[in-house]
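Welcome! Please take a look at the sequence and the structure, and keep both at hand while you read this briefing.

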Amino acid sequence: MALRMQGTLFPVISLGAGQPKLVSLAVTTARSAALSSTVDMIRVWASVDCFVRAGGASVDATTSDHPLTAKVPEILQLNGATNIAGIVSSGTGTLFISELS
């Protein structure tokens, strides 16, 4: 699906059914519940600057992983990953993971 604005097409990605998965971020790694096996892409949004990593059921994140800027949504392709892990260098926060369809 695409949205046409002033002659330009912009892709539209719809949110999947249900609530986003939440990950409580802290200075130790935390991971999401398993993502749907039919989902290829997710939207992530964090309340604080953090670092994320995609992987299997035992994935862990470190502060050397992919940085995610607070309050800036990102669309990520899963490439077979089933879970997302997150960590912060200080403080706490929340990572919201929305499955896209």
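Predicted model: local features only at pLDDT ≥ 70, side-chain atom pairs only at ≥ 80, totals over all residues.

Residues are numbered from 1 along each chain as its sequence is written, and side-chain values use heavy atoms, with hydrogens and water left out.

**The sheet**

- Strands here are DSSP runs (E, at least two residues; helices are runs of H or I with at least four), numbered from the N terminus.
- Strand β5, residues 41-46, is joined to β8 by four bridges, and these two strands run antiparallel.
- Two strands count as paired if DSSP finds at least two bridges between them.
- In the order β3-β10-β5-β8, four strands form an open sheet with antiparallel pairing.
- Each of the edge strands, β3 (21-25) and β8 (74-77), has a single partner strand, so one side of each is left without a neighbour in the sheet.
- On average, neighbouring strands of this sheet are turned by 25° against each other, direction ignored.
- For such angles, axes are lines fitted to C-alpha atoms (for helices over the stretch in contact), and angles run from 0 to 180 degrees between N-to-C directions.

**The nonpolar cores**

- In soluble globular proteins, nonpolar side chains tend to be buried together.
- A nonpolar core is a set of buried Ala, Val, Leu, Ile, Met, Phe, Trp, Tyr and Cys residues joined through side-chain atoms within 4.5 Å.
- Buried means under 20% relative accessible area, exposed means over 50%, and partly exposed lies in between (1.4 Å probe, protein chains only).
- The largest nonpolar core has 17 residues, and Ile-42, Ile-84, Leu-95 and Ile-97 have the most contacts inside it.
- Two or more residues of this core come from each of β3, β5, β6 (50-55) and β10 (93-99).
- Strand β5 gives the largest share of this core, three residues.
- Not counting residues up to four places away in sequence, Ile-97 touches several residues, among them Pro-20, Val-23, Leu-35, Ile-42, Val-44 and Ile-84; contact means heavy atoms within 4.5 Å.
- There is also a second, separate core of five residues, including Val-59, Ala-61, Ala-85 and Ile-87.

**The salt bridges**

- How many salt bridges does the structure hold? There are three, a salt bridge being a side-chain nitrogen of Lys or Arg within 4 Å of a carboxyl oxygen of Asp or Glu.
- Lys-21 and Glu-99 form one of them, at 3.8 Å from N to O. Lys-21 is in strand β3 and Glu-99 in strand β10, so this pair ties together parts that are 78 residues apart in sequence.
- Lys-21 is partly exposed at 24% relative accessible area, whereas Glu-99 is buried at 18%.
- Arg-31 and Asp-60 form another, at 2.6 Å from N to O. Arg-31 sits in strand β4 (residues 30-31) and Asp-60 in the loop between β6 and β7 (66-68), 29 residues apart.
- Arg-31 is partly exposed, with 37% relative accessibility, and Asp-60 is partly exposed, with 38%.

**A look at Asp-65**

- Asp-65 forms a salt bridge with Arg-53, and their closest N and O atoms are 2.6 Å apart.
- This pair links the loop between β6 and β7, where Asp-65 lies, to strand β6, where Arg-53 lies, 12 residues apart.
- Is Asp-65 buried or exposed? Asp-65 is buried, with a relative accessible area of 9%, while Arg-53 is partly exposed at 38%.
- A polar atom of the Asp-65 side chain lies 2.7 Å from the backbone nitrogen of Thr-62.
- Leaving aside neighbours within four places in sequence, Asp-65 is in contact with Phe-51, Val-52, Arg-53 and Asp-60.

**A look at Thr-92**

- Where is Thr-92 found? Thr-92 is in the loop between β9 (83-87) and β10.
- Thr-92 counts as exposed, with 60% relative accessibility.
- Leaving aside neighbours within four places in sequence, Thr-92 is in contact with Leu-25, Ala-26 and Val-48.
- The C-alpha atoms of Thr-92 and Ala-70 are separated by 12 Å, and these residues are 22 apart along the chain.

Note on methods: Polar contact = N/O pair within 3.5 Å; in protein donor to acceptor, adjacent residues only side chain to side chain.
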